[in-house]
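User: Please take a close look at the aromatic side chains of this model, and then describe the part of the fold that follows from there.

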Amino acid sequence: MSAPAPAANGSYALEALTDDFGFYVRADALLAERRSPMQHIEILDTPLFGRAMRIDGCFMTSERDEFFYHEPMIHLPAVSFGRPRSALIIGGGDGGAAEELLKHPDMQRVVLAELDADVVEMAREWLPAIHRGAFDDPRLELLLGDGRAFVEQCEERFDQIVLDLTDPFGPAVALYTREFYAACRSKLTPGGVLSLHIQSPIHRPETLARIVASLRSVFGVVRPYLQYVPLYGTLWAMAVASDSTDPLALDAAAVDARIAELGLRDLQLYNGATHQALLAQPNFLRELLAQPAQAIVEGDALDDPSLQADSMQALRVMPV
């Protein structure tokens, strides 16, 4: 494959997923940039995806492809549950997950616990096409601080908990452990659902398998599912976990009936057919998940090379 031709305005945003695999996105302008006490946040203007947010060199979300990630993450679990009334989001500072949850007509309360206030401020100003005013919805409560501490200390229970997190690197590994999943389970209502992303089966298969093993050590029902996310440059995986709610119990017609009953609108991806397609596991994933894998426990450090500091430092915007 030949090198890409020079961009009209002279730059590409490069993301190395591993030492052997990555992708580039043309970036016409750096619209905003901020170095918070925790991370480096950028808003890029791209011809393909519109405005896109990167954190520490990793693409998080964009105006034109956010539905590939947010709709499966939110609606497959929520519709499987039925009529969610309350939800907790850990992370999700761009507001996209909250916006999807607030489409549900019975939703009375969404708590968004985001560690970095600068992510929320940047999203408010630069990504209105993603949050669509969710931060100003009176049903949303924004908590700035440690999401894990909130889960461990709160006495409230939720119909859905969404872990919209950064990758399991450094301190974030504590939010991928068996102990944290057990804490989340204790904060779910009967039949409540936990939804989260679990990395890519293409370049992080061992990490994905360990996350699934961690979920299975806590929950009675764990359903991994696959979705291609254009901005992530690869096939991505998510999961629903619950004590009793099983998304496989719904056929396509039942899902479409629930969507109609709920009056869910402006869905660009999720429907009855895609509900079934998302949950269909190809043979390679079945084989991966059938192999023994160790649950991630408190104090573990994942040994995936693509999650190490040297690899993360390789992500950059390179002028042409």
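Analyst: The charged end of Arg-54 lies over the ring of Phe-59, 5.4 Å from its centre (Lys NZ or Arg CZ within 6 Å of the ring centre and within 35 degrees of the ring normal). The model is predicted, with pLDDT of at least 70 required for local features and 80 or more for side-chain atom pairs, while totals for chains, interfaces and linings use all residues. Numbering starts from 1 along each chain as its sequence is written, and side-chain values rest on heavy atoms, without hydrogens and water.

There are five aromatic pairs (Phe, Tyr or six-membered Trp ring centres within 6.5 Å; planes under 30 degrees apart are stacked, over 60 edge-to-face, the rest tilted). Tyr-232 and Trp-236 have ring centres 5.2 Å apart and planes at 65°, so this pair is edge-to-face; both residues are buried (under 20% relative accessible area, 1.4 Å probe, protein chains only), and together with Tyr-69 they form one aromatic cluster.

Turning to the strands (DSSP E runs of at least two residues, numbered from the N terminus), β13, residues 234-242, pairs with β12 in the antiparallel sense over nine bridges (pairing needs at least two DSSP bridges), and Val-229 stands opposite Thr-234 in β13. Both strands belong to an open sheet of seven strands with mixed pairing, in the order β9-β8-β7-β10-β11-β13-β12, whose edge strands, β9 (140-144) and β12 (221-229), each pair on one side only.

Conventions
Helices (H or I, at least four residues) and strands (E, at least two) are DSSP runs, numbered from the N terminus. Buried means under 20% relative accessible area, exposed over 50%, partly exposed in between (1.4 Å probe, protein chains only).
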